[in-house]
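Please walk me through this structure, one place at a time. I would like to know what sits where, and what lies around it.

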Amino acid sequence: MESFKLYIDGQFVPGNTTFTSLNPATAEPWACIAEARKEETDNAVNAAVRAFESDSWRTLTAGARGRLLLRLADLIERDAMKLARLETLDTGKIIRETRAQIAYVAEYYRFYAGLADKMDGSSLSIDKADMETWIKREPLGVVAAIIPWNSQLFLSAVKIGPAIAAGCTLVVKAAEVAPTPLLAFAGLIDEAGFPPGVINIITGFAEECGSCLTSHPLIDHIAFTGGAETARHIIRNSAINLASTSLELGGKSPFIVFADADLESAANAQIAAIFSASGQSCVAGSRLLVQETVKEQFLHLLVTKAQGIIIGCPQDPETQFGPLCTAAQKEIIEQVVTRSIARGAKLILGNQPVGKKGFYYPPTILDCSQCPDADSVSQELFGPVLSVLTFSNEADAIRLANSSEYGLAAGIFTRNLTLAHRVTRKVRSGVVWVNTYRVVSPLAPFGGFGKSGFGREGGIDAALEYTTTKTVWLRTSDEPIDDPFIMR
Ligand code: NAD
């Protein structure tokens with residue numbers, strides 16, 4: 001078995017206890033992971049606090065912080081294959097997806113490297129003749145970054161990049177499920193030359209590590225990506241330290257197909273939206289809303305394409321569809337699908353054993369048009385299950401799209417530009433893709449409405465969220481201050 005350590009204060013630390021990580025494609029243990037419990041978590045926070053308060057970090061120029069991020073991006077590219085292999089081994093995500101994602105990870109670091117020396121303050125034209133007044137942007141402080149198991153390198157990049165650009169220091173908690181890509185990534189942080197304690201990478205379980213970190217009195221900001229139930233714990237924890245929080249949570253994203261759409265192209269995008277990463281994506285387009293008049297035609301296209309998906313070993317570059325990450329997730333999905341079928345959902349595709357050893361669950365399509373209140377329609381499954389609903393007109397489509405408590409992403413497929421604009425305006429979600437799906441860029445803000453969370457990652461504003469302002473008043477008059485009992 002391969003072994004992975006924690007990275008605290010610039011040192012690789014074995015931890016007092018260890019746990020094993022499973023390969024989801026075989027259900028067998030393959031890695032031994034050092035566990036952060038209260039002691040290690042506390043050490044990591046203290047290291048980040050010391051680094052934040054150190055003269056060497058506080059006086060490092062923004063340009064120098066940017067150069068550290070650039071070096072990190074180069075090292076990520078150098079080790080792209082190694083990192084992608086680990087992500088595939090540990091999460092079961094297919095190698096073509098993890099390889100492609102690593103390229104994005106480097107681009108996000110480069111974007112924030114370029115921003116580091118452009119987060120300027122401003123001066124104010126105050127209506128007081130004897131005052132010079134300006135606003136400085138200062139780093140928020142010590143950040144706890146809590147990462148879910150899927151896309152750990154990507155989801156940590158959208159936190160580490162802007163936080164370092166702003167001058168913060170971090171404790172990054174890799175998910176206890178599939179933590180190895182992030183723990184291995186610590187080696188690149190070290191090699192890039194970040195001062196000890198500036199970025200610490202730990203992993204561990206909810207109570208001993210996650211709760212300890214997010215309630216820690218010395219944490220200033222919590223950047224969380226994960227599920228809504230965990231987010232509630234985090235918010236309760238932040239009541240202890242009064243840290244600011246940003247939450248990137250789940251979704252139940254509508255994929256809306258109007259009758260005039262290019263159905264071939266929409267079907268390909270729907271396949272990508274729900275079956276890429278075996279559906280384990282926060283933006284999974286898991287609710288297909290299709291106009292009644294083209295329902296049969298579209299479902300026929302979709303089922304034909306889904307039947308052709310190559311299910312196999314995630315390490316094989318030909319594979320298009322791998323296992324789920326955990327046995328527990330597979331069980332939840334099986335239960336929800338069974339319940340939804342009992343409620344009246346019609347099974348169009350899937351729900352049969354894949355015949356492989358790991359945590360495989362097949363591409364599954366449920367026609368829920370007769371049971372729109374089925375659990376598969378409302379619950380985020382984080383798996384390859386598509387629930388199909390139909391609509392008769394534009395208003396109906398918008399009503400259905402907005403009938404979820406989530407609001408992360410939406411897809412709209414139509415050739416009618418004015419219709420696309422009207423629906424975009426009315427759909428309640430943080431991202432809308434028109435005639436495309438699952439496109440990202442470091443320039444584009446990303447985040448949700450409603451139970452999909454608050455705060456944004458990506459784009460310029462995300463970096464500003466890791467800063468706060470300091471207003472400086474400088475009196476330019478040499479005259480003595482007169483009446484001390486009035487506000488000036
Ligand atoms: P999760 O909520 O179970 O775990 C996320 C992280 O929180 C893990 O590191 C976990 O150890 C930690 N954690 C758990 N309990 C904690 C506690 N009490 N205090 C502090 N930390 C705690 O999520 P998951 O199963 O790893 O990931 C899947 C979820 O993440 C899905 O809901 C998915 O939609 C969401 N997600 C959202 C985005 C986004 O950008 N909006 C991206 C990817 C995943």
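**A walk through the model**

Thr-98 is found in helix α5. The model is a predicted one, and the values below are computed from it. Is Thr-98 buried or exposed? Its relative accessibility is 1%, and because buried means under 20%, Thr-98 counts as buried. The side chain of Thr-98 has a polar atom that lies 3.4 Å from the backbone oxygen of Ala-84.

Helix α5 covers residues 95–115, and Arg-110 belongs to this helix too. The side chain of Arg-110 meets that of Asp-74 in a salt bridge, with 2.8 Å from N to O. Asp-74 sits in helix α3, residues 62–78, so this pair links distant parts of the chain, 36 residues apart. Side chains of opposite charge can pair when their charged atoms come close. Arg-110 has a relative accessible area of 22% and is partly exposed. Asp-74 is also partly exposed, at 46% relative accessibility.

How many salt bridges does the structure hold? There are 24 of them. One of these joins the side chains of Arg-339 and Asp-375, at 2.6 Å from N to O.

Another salt bridge is formed by the side chains of Arg-488 and Asp-482, where the N to O distance is 3.1 Å. Arg-488 is partly exposed, with a relative accessible area of 46%. Asp-482, at 53% relative accessibility, counts as exposed, because the exposed class begins over 50%.

Where does the ligand sit? The space it takes is the largest pocket. The elements that give two or more residues to the shell around the ligand are α8 (206–214), β11 (221–225) and α9 (228–241). The shell has 29 residues, and those that come nearest are Lys-173, Glu-176, Thr-230, Leu-249 and Glu-380.

Glu-176 places a polar side-chain atom 2.6 Å from a ligand oxygen. For Ile-147, a polar backbone atom is 2.8 Å from an oxygen atom of the ligand. Gly-227 likewise has a backbone N or O atom 2.8 Å from a ligand oxygen. How much of the ligand does the protein bury? Taken alone, the ligand exposes 850 Å², and the protein buries 88% of that area.

Helix α9, one of the elements that contribute to the ligand shell, also holds Ala-231. Ala-231 is buried, with a relative accessible area of 4%. Along the sequence, Ala-231 and Glu-248 are 17 residues apart, and their C-alpha atoms are 8.9 Å apart in space.

Most residues other than glycine have a negative phi. What is the phi of Ala-178 near? The value is near 60°, which is positive in a residue other than glycine. Ala-178 is found in the loop between β9 (169–174) and α7 (180–192). At 2% relative accessibility, Ala-178 counts as buried.

Arg-438 also has a positive phi near 60°, and this residue too is not glycine. Its place is the loop between β20 (431–434) and β21 (449–450). Is Arg-438 buried, exposed or partly exposed? Its relative accessibility is 29%, so Arg-438 counts as partly exposed, whereas Ala-178 is buried.

Conventions
Residues numbered from 1 in each chain as written. Predicted model: local features only at pLDDT ≥ 70, side-chain atom pairs only at ≥ 80, totals over all residues. Heavy atoms only, no water. Salt bridge = Lys/Arg side-chain N within 4 Å of Asp/Glu carboxyl O. Helix = DSSP H or I, 4+ residues; strand = E, 2+ residues; numbered from the N terminus. Buried < 20%, exposed > 50% of the residue type's maximum accessible area, 1.4 Å probe, protein only. Near = heavy atom within 4 Å. Polar contact = N/O pair within 3.5 Å; in protein donor to acceptor, adjacent residues only side chain to side chain. Areas by Shrake-Rupley, 256 points an atom, 1.4 Å probe, with all protein chains shown as cover. 1 Å grid on protein atoms, 1.4 Å probe; cavity = no way out; pocket = protein on both sides within 12 Å on 5 of 7 lines; lining within 4 Å. Sits in = over half its atoms within 2 Å of the grid points.
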